[in-house]
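The following paragraphs examine how the two parts of a chain meet. Please keep the sequence and the model in view while reading.

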Amino acid sequence: MEVLSRDIKKVPTLRGRVIVTLFYEASTRTRISFEEAGKVLSADVINMSAAGSSVEKGESLLNTGLTLQAMGVDAVVIRHPHAGAPHFLARHLEGVSVINAGDGIHAHPTQALLDLYTVREKLGRLQGLKVVIVGDVMHSRVARSDLWGFSKMGCQVTLCGPATLMPSDFLRPQQAWPDAHPLAGVQITTDLDQAIDGADVVMALRLQTERQTTGFFPSLREYVRRWQVTEDRLRRARPNALVMHPGPMNEGIEISTDLAHGDSSVIVEQVTNGVAVRMALLYRLVIDQAAINQEGPQLSRAKAV
Amino acid sequence: MVRKSGSILSPRTILIRGGRLIDPSQDWDLIADVLIQDGKISSAGSIIDRTSIPEHCQIIDAGGMVVCPGFIDLHSHLREPGFEHKETIATGTRAAARGGFTTLCCMPNTEPAIDNVAVVEFIRRQASAEGAVRVLPIGCVTKGRKGKELAEMEELAAAGVVAFSDDGDPVYDPMLMRLALCYSRDLGLPISNHCQDNSLSRDGVMAEGWVATRLGLPGIPAAAEEAMIARDIALADLTGGRLHLTHLSTAGSVSLLRRALEQGIAVTAEVCPHHLSITDRWVLGGKGADVEAAGPFSYDTSTKVYPPLRADVDVEALLEGLADGVIACIATDHAPHDLASKQVTYQDASFGISVLETALGSLMQLVHEDRLGLSTLVERLTAGPARVLGPDFQDLATLRAGTPADLVIFDPNKEWVVDPGEFASKGKNTPLEGTTLKGRVVATLVEGQVVFQDDPISGRVG
């Protein structure tokens, strides 16, 4: 964090390391965030998007990965429309760190890390907080990673949105989740007012029009009426409750404009923290574990990060 | 049709001595001998006196082994013509022989599809020239499997197809399914429908449930199968046609089938070895172990199959339906794929498992765990499928004297580790890779010829 607030945002930690961002889906903030994180740490960051690359010539994910491995890259940051694509690469590549920057509707782990970081920074703790995630849970990899992350850190997570946009297991949790599963305790409701009651964190999810293939709800008008997070609704939450959004926002749909830019919003901080969290992650995964163990000079530099 | 396998030249007379004969067609479970002469069973069920053993007779000592009619598979994909890089009739039938199957019914989703006599004849010719076991083609319900208009079903029947199916796809249009069931009544052959309502399964790749949610993979609800089965049962009732339901996978499907049979509707069904033995937890990695989170072994594409692997309750219901005979038979849905079709993301991977060579071993697990009786298992692999095929095929599922000597000898207790590198099938796609199975085929005979023989068998030509 400290490095990001300096006049000259540059430390030599990852000098001579090569990081490729391999994006099979459109992205602005995540890709730039990783790129900035890498560049601040002095890594050479190469951006590759599926459009305009050999992927368009039909190259498979495996061969693209093997090609990057042969070029000696240290880390691949991958975003892919299919769940498990990073796992697939990690299984087939050797000596290359693979970082998941979002895979299908499965996970977006760095987003969850930055969300956790932001909440702890603002509220001082995670244990025992009530976290409400509102909107299109079914198509949201952010929701799934947050669900996992916040549950693991001892928060009570409530999901709220149209029943048609909830994974069906959550609609019949007693049948679906094995006993003692960490996610078995997740609450679910379609009533936003009830969900927000006493909440410490309210996270609005982007309505993912590009992932929805059929009409999951009657109209945007009805969606807004039932599930838009507004100043009015937030009154039911705790006094210092945080309003979050993974971005990009559809202002006026899942979140009202005044709330998005109001005092309780930490949406901008989420973005800043994203760079810091990704710097930490790149450091962890790119620097040789042995060097860390030896408490070499790189570790002392890392402490400055 | 039947041929030599490798360098093994089968003598005209074979005595299989001292095996445990399980023949559900005669309610047999006894220790006795089988004598084979000129491709037929000349006697079985008694101990043959040492002095009356014919000359130049190969003797196979089957002590401790099970000897039963060869298995009949109502559902396999041999991929030829059109997809010879995945499987051929030669490799698929050798895989069958290694798995104890002596008869395969091959599905018509080839290229071109089996929707005309020329393709039927091509398959019969290939099977005769290169096949290790019997091959019975299944014809398309609709021209080109396009689901628009009926194929020339009578001509296909006359050419020797044993059933009709657009497998890989359902007959989706309910009116067309009605017509198919009605039109085929006088042909006496079943319509074998792939039970999948595409508008419910959509882009799903595994069973809907907590594992799919955890992995972020689009799910296929049980209702996608059950809705189609409910519809087909209603249409079978309406038309009086013969309906066969492929690869049942859900508890709800078993209930629907049970109720239809109680009402006297002409319907039969099959279940696959994988749906009886493994669950959707296998997609998480760790071969079904309790794994909480996704890891590098998650998204194992060899577990991707249609219908998808489901939950424990479904497995239990399927086993119950199989045990009480509601489900008539076990079929493999052997679906071999090349590596490139599976070495991709889970969502891009092709559906299907290479089953023929692991079927017996994985089913014997259930016997060893006392979840399935041995004679029931044999029945569902022999007489059960023969009943679905009809009266003309009963001779392929019995050890009665005078019938073709199609039989299998297997060691119920032999443990082995699944190594797809040893498969005869071109399809190495199995989630069982590296697992230990107990129960292995020792020898397979088709019309009295040994088409597969495992090493440890002790035989001598005397």
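Between domain 1 and domain 2 of chain A, the count is one salt bridge, a term that denotes a side-chain nitrogen of Lys or Arg within 4 Å of a carboxyl oxygen of Asp or Glu. The side chains of A:Arg141 and A:Glu25 form a salt bridge, with an N to O distance of 3.0 Å. The model is a predicted one, in which local features need pLDDT of at least 70 and side-chain atom pairs count only at pLDDT 80 or more, whereas totals for chains, interfaces and linings use all residues. Residues are numbered from 1 along each chain as its sequence is written, chains are lettered from A and ligands numbered from 1 in the order in which they are written, and side-chain values use heavy atoms, without hydrogens and water.

Domain 1 of chain A covers 3-104 + 270-304, and domain 2 covers 109-265; these bounds come from an automatic or database domain assignment. Contact (heavy atoms within 4.5 Å) joins 16 residues of domain 1 to 16 residues of domain 2.

The area buried between the two domains of chain A is about 1,300 Å², and carbon and sulfur atoms give 50% of it. Buried area is the accessible area (1.4 Å probe) that two parts lose on being put together, summed over both. Of the area that domain 1 buries against domain 2, A:Gln270, A:Asn273 and A:Val277 supply 46%, more than any other three residues.
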